Amino acid sequence: MQTTSDDVTEYVTVLIGGQLFGLPISRVQDVFMPDRLTRVPLSHPDIAGVLNLRGRIVTAIDMRIRLGIPREKDAKPAMAVGIESRGESYGLLIDSVGEVLKLSPDSREQNPINLDSRWARVSAGVHRLEGQLMVILDVDSVLAMGGEQLAA
Amino acid sequence: MDDLLREFLTETNESLDVVDVELVRFEQDPNNAAILGNIFRLVHTIKGTCGFLGLPRLEALAHAAETLMGKYRDGSPVTGQGVTMILFTIDRLKEILGDLEGAGAEPEGDDGDLISQLEAMSIAADAAPAAAAPVAEKAPAPAPAAAPEQALERALRPGEVSLDELERAFRETEAEVAVAPLPEIAAPPVAPEAAKVEAKKPAARPAKPASAAGDDEIEGVKGQQTLRVNVDTLEQLMTMVSELVLTRNQLLEIVRRHEDSEFKVPLQRLSNVTAELQDGVMKTRMQPIGNAWQKLPRIVRDLGNELGKQIDLEMHGAETELDRQVLDLIKDPLTHMVRNSADHGLEGTEQRRLAGKPEKGTIKLSAYHEGGHIVIAISDDGRGLNTDRIKKKILEQNLATEAELEKMTEAQIHKYIFAPGFSTAAAVTSVSGRGVGMDVVRTNIDQIGGTIDLKSVPGEGTTVTIKIPLTLAIVSALIVESAGDRFAVPQLSVIELVRAQQNSEHRIERIKDTPVLRLRNKLLPLVHLRQLLGIAGGEPLDETAGFIVVTQVGSQTFGIVVDQVFHTEEIVVKPMSSKLRHITMFSGTTILGDGSVIMIIDPNGIASAIGTDVSTEVNETEADARRGNERQLISMLVFRAGSREQKAVPLSLVTRLEEVAVDKIEQAHGRHLVQYRGALMPLVSVSGYMELKSEGSQPLLVFSDSGRSMGLVVDEIVDIVEDALNIEVSADVPGLLGSAVIKGQATEILDIGHYLPLAFEDWFKRKEMRIEALTRKLLFVDDSPFFRNMLTPVLKAAGYDVVTAAGGSEGLDILKGGDKFDVVVSDIEMPEMNGFEFAEAMRSDKRFATTPVIALSSLTNPAAIERARVAGFHDYVAKFDRQGLIAALKETSNEIAQAA
């Protein structure tokens with residue numbers, strides 16, 4: 001028990017376009033309902049806009065667009081996961097939030113080599129769960145956009 | 001790094017900055033023992049502390065410099081070479097300190113070169129002490145005077161705030177626990193020690209008078225009511241206050257929606273406290289601009305030596321304060337411009353003599369506040385810009401064609417020195433002329449939302465004027481809407497608002513696909529915000545109509561077309577996320593009172609997006625036209641209210657154009673009121689019968705003076721027109737001054753003075769008036785710009801040619817200027833020179849002793865009237881009594897007519 005608990009990572013699971021993703025809980029600040037999103041003209045398509053979360057300005061990133069999942073008609077992003085990076089606040093727009101899972105590295109695997117390159121860039125591996133797979137979201141890679149996309 | 005060392009670094013760096021400045025002064029005035037004493041003490045302190053902290057390199061250098069200065073103190077003649085040597089030593093000390101700060105330890109190195117030279121000079125100085133013996137005798141005597149003076153002179157340094165400010169900031173937070181009275185703790189223990197130091201000095205031998213003082217010296221200096229506060233702490237405080245302001249705004253918004261909320265009163269109080277707290281914290285960030293100038297005397301001195309020029313640096317308004325963030329950003333541009341003036345602007349000594357100018361060239365720096373801005377001027381009395389050389393350079397760099405140059409005015413050509421990579425220096429010197437020049441200066445100024453202007457007269461000199469906002473943290477912005485989204489446009493760059501409509505005179509026209517607007521017979525390039533930003537939504541775009549925000553950036557004027565214009569708001573600027581920073585159209589984000597986030601438009605970005613060359617010419621000619629006709633032209637706000645006739649008021653009287661939601665207009669005691677900026681503002685209608693819109697928003701003209709506001713209800717704002725105001729038919733209808741033709745249409749000119757008392761009965765208990773005569777010259781003295789602006793059209797309507805003055809002394813200056821005035825009307829309650837003093841001064845001058853003067857005042861007791869009679873006023877009119885004033889003016893005119 002002692003040995004395994006050290007290696008166990010806790011993940012906040014989220015659903016984006018029917019796929020289960022997991023974010024390391026240490027990186028998740030909060031989960032909130034995005035309200036009154038202000039679009040930012042001329043910004044990167046991934047950026048859904050900016051919003052006010054308790055006096056902080058949060059830049060919202062639409063994970064569906066980021067992952068190339070087509071937006072369902074009229075489906076508003078229901079939830080956002082708040083993360084912080086270099087003193088700035090971001091909100092990842094997702095479809096819904098699931099439970100928190102404690103997973104040991106035993107079930108973790110590398111990205112399959114044939115994974116969509118857009119996904120591969122933001123995925124830090126895959127966990128084999130019962131009945132489904134959970135893609136580990138690499139938060140830093142999700143935020144490391146702009147440069148790569150501009151170059152493309 | 002331990003605290004001791006850190007403190008030492010801060011102290012020493014500051015001391016060295018002082019030494020730098022003082023040495024330059026000393027060189028010009030070598031017999032001033034007070035200055036030398038000051039320098040000597042500072043260097044000695046540094047030496048002492050270095051020894052204590054175990055910093056041998058610093059100590060050895062400081063010692064060598066101190067020895068040489070000791071010789072000067074003892075009366076050896078001061079040589080420029082020696083001072084240069086000491087300055088070098090100080091530079092070396094700074095270098096070592098810099099490394100020490102980075103590494104935490106003294107860097108390896110050898111200062112034998114400097115030390116041996118310093119020693120050689122000390123020996124040389126020893127050889128000639130006799131010659132300067134009288135100075136030596138004088139030296140010790142004034143020395144004691146220097147110290148207390150220094151203690152007083154010491155201004156707040158970077159990162160320091162006065163204790164009062166902090167105290168106030170703490171008090172505003174209303175902590176439960178009483179704040180300990182800091183000044184009392186800090187000050188007393190130091191004072192006796194400082195006194196002791198002073199007492200010792202005269203007795204000590206001249207060679208080492210400060211030895212006993214040592215470190216106590218610094219303590220003595222610190223005995224001021226100031227406290228060092230970490231800049232980060234202040235920044236954090238500022239951030240928290242910004243949050244508080246936002247939260248307050250949100251609360252206000254909520255309470256506004258709930259009638260008779262019990263929160264109203266406490267919230268009002270919270271609002272006031274927040275405002276004061278914000279003020280206080282902002283003040284802690286304020287620093288005198290002198291901090292950015294500190295290094296300039298040394299730079300100018302070194303330049304003078306290098307270039308063989310004699311240069312005098314004059315500095316005015318060093319105490320003018322501005323936000324430290326802004327200060328940091330303008331430091332380099334200022335230094336650069338002073339270098340430029342010294343290098344390119346001023347001629348060599350020989351040339352100056354030939355031109356019949358004093359050999360010594362002057363560079364003048366001045367700073368002053370103007371509204372929410374600070375204006376800094378850097379001027380020199382040098383040769384002025386060389387237009388031909390700039391032209392040549394423009395052609396070389398293909399910035400314009402010969403034909404284009406032909407059409408340009410000198411001023412327009414001069415503006416090219418701000419073009420990237422532009423440098424006209426014939427020879428590349430070590431000083432300037434490296435191609436990074438004024439363009440960098442301009443970019444820096446642009447970044448902080450400032451403007452830069454340049455004036456140059458051949459043979460007389462060049463003046464560069466910079467206007468920058470006092471702070472970047474909270475700015476006043478105009479909220480606009482485009483394609484359903486709101487944006488904030490910084491007020492600083494907005495010149496005016498024009499509403500364009502299909503059938504009105506102002507409509508958007510097109511040249512090919514480029515939208516333009518005819519504005520006062522000029523073409524203004526336009527850009528649709530929604531097209532520029534590539535956004536869709538809201539109402540479909542109407543190609544010919546919209547609100548045009550006329551914007552000026554540097555020399556460029558252009559119009560931003562938006563769908564809607566709301567109000568202005570003090571917004572807290574929040575930096576943009578790094579993911580959005582590449583969008584040059586925006587400079588930041590902000591949270592509005594309703595909690596939504598909006599983007600702040602960056603006028604600079606828009607300016608560069610629509611191209612640089614289109615609008616320059618428009619602006620120039622327009623600016624010239626404005627300058628030429630300043631006196632004749634009055635900007636009028638044209639609107640409709642009550643009836644179909646166009647109505648107008650002088651724009652300068654209108655504080656703001658607002659639109660309020662109709663459902664927010666409340667009724668109380670038969671009056672219409674609306675909550676405006678945390679207070680209730682009465683609404684007044686033009687016709688006396690309140691016709692409000694049934695739904696949507698109600699346009700208002702807001703008039704404010706001395707913290708009071710009144711809203712005049714109008715149906716529609718038509719336009720802002722700049723025209724010569726020529727009131728042709730005067731009316732007897734109350735509330736109307738008369739009619740005038742504005743842009744070819746008969747327009748009723750409203751007398752705002754009639755409406756103000758409808759809102760607040762006592763409005764004029766303080767200020768006001770009116771007149772009757774033929775074309776007579778009238779001088780009107782009043783300190784309130786509001787009343788000056790208001791009465792100018794009123795008096796013009798009465799047939800007077802009006803000249804205004806903002807105070808007694810300005811009025812006298814105008815009189816002394818030679819213009820003959822038929823009558824003078826003066827306010828009584830004015831700062832500095834009041835109306836009585838003004839009248840007495842007039843009476844004592846033969847030239848205007850007979851000119852009738854009418855007093856306008858709210859003081860109408862017999863004593864005041866008697867006092868006015870004694871002072872020499874012909875008549876005395878209560879400010880509220882407009883009819884009385886007209887009668888008084890009429891009477892005065894008749895008297896003059898009879899006398900003639």
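Guide: In this predicted model, helix α15(B) and helix α16(B) cross in the right-handed sense, that is, the near helix is turned clockwise from the far one by less than a right angle. Local features need pLDDT of at least 70 and side-chain atom pairs pLDDT 80 or more, while totals for chains, interfaces and linings use all residues. Residues are numbered from 1 along each chain as its sequence is written, chains are lettered from A and ligands numbered from 1 in the order written, and side-chain values use heavy atoms, without hydrogens and water.

Two packed helices are described by the angle between their axes and the distance between the axes. Here α15 (residues 296-307) and α16 (residues 324-345) of chain B have axes that come within 10 Å and cross at roughly 25°; the axes are lines fitted to C-alpha atoms over the stretch in contact, with angles from 0 to 180 degrees between N-to-C directions. Helices are DSSP runs of H or I, at least four residues long, numbered from the N terminus. The pair α15(B) and α16(B) is therefore roughly parallel, a term for angles under 35 degrees.

From α15(B), the contact (heavy atoms within 4.5 Å) involves B:Leu296, B:Ile299, B:Val300, B:Leu303 and B:Leu307. Their counterparts on α16(B) are B:Thr335, B:Val338, B:Arg339, B:Ala342 and B:Asp343. By class, the residues of this contact comprise 7 nonpolar, 1 polar and 2 charged; Ala, Val, Leu, Ile, Met, Phe, Trp, Tyr, Cys and Pro count as nonpolar, Asp, Glu, Lys and Arg as charged, and the others, Gly among them, as polar.

Definitions and conventions
Helix = DSSP H or I, 4+ residues; strand = E, 2+ residues; numbered from the N terminus. Parallel < 35°, antiparallel > 145°, perpendicular 65-115°, else oblique.
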